[in-house]
Amino acid sequence: MRRDVFQAIADPTRRAILSLIAFQAMTPNALAEHFESSRQAVSKHIKVLTECELLEQKQQGREIYYYFNPKKMKEVDKWLDQFRQMWESRYTKLDNVLKQLKTKSK
Amino acid sequence: MTQTNDIRIEKDLENKRITVTRYFNANTDLVWRAWTESEILDQWWAPKPWKAETKKMNFKDGGQWLYAMVGPDGSKHWSRVDFKNIKSGKSFEARSCFSDENGEQNNDMPTLYWKNQFIAEGEGTNVISEISFTNEVDFEMIIKMGFEAGFTMGLNNLAELIASKQLS
């Protein structure tokens, strides 16, 4: 099944997992310790992130480590644009609100 | 006259900070009210198609704003904002985090720090928002990976924005 990167990051827990792994490669167990949800739930999130190639696994000795895949993240470069769009949407609303306030106070 | 003013976004890697600057065609008094009165904030804070709904607002040093972003499907994402260093009509600082409906912080999610300045210019007002992080995350690396929005948006907006894009 094809996984969509944006769908994968739309989930707050998965974003939190990414931010942890971007900082440091981790085993599933080490990762699960950072979350209140069950290990099962965390491994489900890891599965989604791996399927869309945001995470890569590497065997080191007996342990499997998950790594962040920056190449895949390039697709997310447009996030800054979205950040800008979000602020533009918000501030356009504010423009309208201010206009109404001005009319009222006259 | 309908005029959209340009938004300016600057990255300051050294100080782990993003600055958003925008000019508004209204005096500082009005713009200040729009940022600090929950009845007005509720009208614009949420990007489309989301709505902001205030549960509690106490705009003073040490006070809090507890609000939900309400999605088109009625789902609610709560955030809590703690205010400090309020200089009426000039600037204020805030710490914002995800929370539950009682304002209990969700520690899995990043915390953002804000400093908002309101500077009169002509008939209007410049709003300068400095958004920063002070946690252990390597901000520069994150920026290079194009991951910045995931952190800077911290207010659930990203998920909502993406969700709304997927709907359309």
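**Entry 1**

I looked up the partner of B:Thr21 and found B:Ile128, a bridge partner in strand 8 of chain B. The model is a predicted one, in which local features need pLDDT of at least 70, side-chain atom pairs count only at pLDDT 80 or more, and totals for chains, interfaces and linings use all residues. Residues are numbered from 1 along each chain as its sequence is written, and chains are lettered from A and ligands numbered from 1 in the order in which they are written.

I then checked the strands around this bridge. Strand 2 (residues 17-24) and strand 8 (residues 124-132) of chain B run antiparallel, joined by eight bridges. Strands pair if DSSP finds at least two bridges between them. Strand 8 of chain B also pairs with strand 7 (residues 112-121) of chain B, in the antiparallel sense, over nine bridges. On that side I noted B:Tyr113 opposite B:Ser132. The hairpin of strands 7 and 8 of chain B has two residues between the strands, and B:Gly122 takes a positive phi near 60° there.

**Entry 2: the whole of chain B**

I counted five helices and eight strands in chain B. Both are DSSP runs, numbered from the N terminus: helices are H or I with at least four residues, strands are E with at least two. From the N terminus on, I read the order β-β-α-α-β-β-β-β-β-β-α-α-α. Of the 168 residues in chain B, 35% are buried. A residue is buried if 20 or more other C-beta atoms, placed from the backbone, lie within 10 Å of its own, exposed if 12 or fewer, and partly exposed in between.

**Entry 3: B:Asp61**

Is B:Asp61 buried or exposed? I found B:Asp61 exposed, because 11 other C-beta atoms lie within 10 Å. B:Asp61 sits in the loop between strand 3 and strand 4 (64-70) of chain B. Leaving aside neighbours within four places in sequence, B:Asp61 is in contact with B:Phe83, B:Lys84, B:Asn85 and B:Ile86. Contact requires C-beta atoms, placed from the backbone, within 7 Å. B:Asp82 is 21 residues from B:Asp61 in sequence and 8.2 Å away in space, C-alpha to C-alpha.

**Entry 4: confidence**

I looked up pLDDT, the predictor's confidence in each residue, from 0 to 100. Chain B has a mean pLDDT of 77, with 71% of its residues at 70 or more. In chain B, confidence is highest in strand 3 (residues 51-57), at a mean of 94, and lowest in helix 4 (residues 148-152), at 38. Over residues 136-168 of chain B, pLDDT stays under 50. For the complex, the predictor gives an ipTM of 0.71 and a pTM of 0.61.

How values were computed: Two residues are in contact if their C-beta atoms, placed from the backbone, lie within 7 Å.
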